[in-house]
Amino acid sequence: RVDEFLRRPSQSAYEECRKATRPGNLWPRVRQGLMRFLESGALPWEEKDWPLPDTGLTPPAAPRGRELPMRYVLIDIAIHEKQPDQVLRWYDVKPEDYVGADRMDRVATAVMEYAPDRSVGLWKKLAEWEISKVQPSAYEAAAVYLRKLSGLMKKLGREAEWKDYLAGLRAAHARKRRLMETLDTLEKRPIVKSVRR
């Protein structure tokens, strides 16, 4: 399992390693080696306290050309382990880099109790990216993020700020009729279609 993880690091492969090393209480030391690999590329068995025997398999090559630390995997693991401080630690390595809408949304969800302002900022960014595509399907995608944003801001007692933000979106994009219809659904306004004469 460790060999598979080193060849194709992912949160699911990491979880398989955890399950496999649970007997014998090996997981804490194995986890430390796997995390060190993700952070620096150091192969875990090169550590003096590595608890597993040699597999006899051809060892995987040390990471070359991969971006270290392997922040996507580290973010996914931190989300899975419910460690919002580590989620932000790895996201903030290069916050300007696009990590994918799905992962960014999961980051926002994972940290909303720990750092709600960060979640607010991420959902705004995701919604605005979708709106900038100027496509009806993208407006629907933006609405998903805006609903999450609305729920969080209301929970934080920042409903006035939410309404101001929504009004700002309406003002900035007033000519986008389909977007206005989508925003109407967020405010539960009836959609009024213009009648041609």
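**Note on the predicted model: contacts, core, helix packing and rings**

1. Leaving aside its neighbours within four places in sequence, Arg-103 is in contact with Tyr-72, Ile-75 and Asp-76, where contact means heavy atoms within 4.5 Å. Arg-103 is found in helix 6, and at 15% relative accessibility this arginine counts as buried; here buried means under 20% relative accessible area, exposed over 50% and partly exposed in between, with a 1.4 Å probe and protein chains only. Helices (H or I, at least four residues) are DSSP runs, as are strands (E, at least two), and they are numbered from the N terminus.

2. On the basis of these values: this is a predicted model, in which local features need pLDDT of at least 70 and side-chain atom pairs count only at pLDDT 80 or more, while totals for chains, interfaces and linings use all residues. Residues are numbered from 1 along each chain as its sequence is written, and side-chain values use heavy atoms, with hydrogens and water left out.

3. The largest nonpolar core has 54 residues, and those with the most contacts inside it are Phe-5, Leu-34, Leu-38, Leu-146, Leu-149 and Leu-183. Helix 8 (residues 136–155) gives the largest share of this core, eight residues. A nonpolar core is taken as a set of buried Ala, Val, Leu, Ile, Met, Phe, Trp, Tyr and Cys residues joined through side-chain atoms within 4.5 Å. For Leu-149, once neighbours within four places in sequence are left aside, the residues in contact are Val-120, Trp-123, Lys-124, Trp-162 and Tyr-165.

4. Val-144 also deserves a remark, since this residue lies in helix 8 but, at 39% relative accessibility, counts as partly exposed. The C-alpha atoms of Val-144 and Arg-71, which are 73 residues apart along the chain, are separated by 25 Å.

5. Two packed helices are described by the angle between their axes and the distance between the axes. For helix 5 (residues 84–91) and helix 6 (residues 101–111), the axes come within 9 Å and cross at roughly 145°, the axes being lines fitted to C-alpha atoms, for helices over the stretch in contact, with angles running from 0 to 180 degrees between N-to-C directions. The crossing of helix 5 and helix 6 is left-handed, a term used if the near helix is turned anticlockwise from the far one by less than a right angle, clockwise being right-handed.

6. At this crossing, Pro-84, Val-87, Leu-88 and Tyr-91 in helix 5 meet Met-104, Val-107, Ala-110 and Val-111 in helix 6. By class, the contact of helix 5 with helix 6 has eight nonpolar, no polar and no charged residues, where Ala, Val, Leu, Ile, Met, Phe, Trp, Tyr, Cys and Pro count as nonpolar, Asp, Glu, Lys and Arg as charged, and the others, Gly among them, as polar.

7. Met-112 is found in the loop between helix 6 and helix 7 (116–132) and, at 26% relative accessibility, counts as partly exposed. Its C-alpha atom and that of Pro-84, 28 residues apart along the chain, are separated by 8.6 Å. With neighbours within four places in sequence left aside, Met-112 is in contact with Ser-119, Trp-123 and Leu-152.

8. A search of the whole structure finds four aromatic pairs; rings of Phe, Tyr and Trp (its six-membered ring) pair if their centres lie within 6.5 Å, and planes under 30 degrees apart count as stacked, over 60 as edge-to-face and the rest as tilted. Phe-5 and Tyr-14 form a tilted pair, at 6.3 Å centre to centre and with 55° between the planes. Phe-5 is buried, with a relative accessible area of 0%, and Tyr-14 is buried, also at 0%. Ring pairs link Phe-5, Tyr-14, Trp-27 and Phe-37 into a cluster.

9. The rings of Trp-162 and Tyr-165 have their centres 6.4 Å apart and their planes at 40°, so this pair is tilted. Being three residues apart in helix 9 (residues 159–172), Trp-162 and Tyr-165 are separated by about one helical turn. Trp-162 is buried at a relative accessible area of 5%, and Tyr-165 is buried at 13%.

10. Most residues other than glycine have a negative phi, and most peptide bonds are trans. Asn-25, although not a glycine, has a positive phi of about 55°; this residue is found in the loop between helix 2 (11–21) and helix 3 (27–40) and counts as exposed at 59% relative accessibility. Lys-82, likewise not a glycine, has a positive phi of about 55°, lies in the loop between helix 4 (71–80) and helix 5, and is exposed, with a relative accessible area of 71%.
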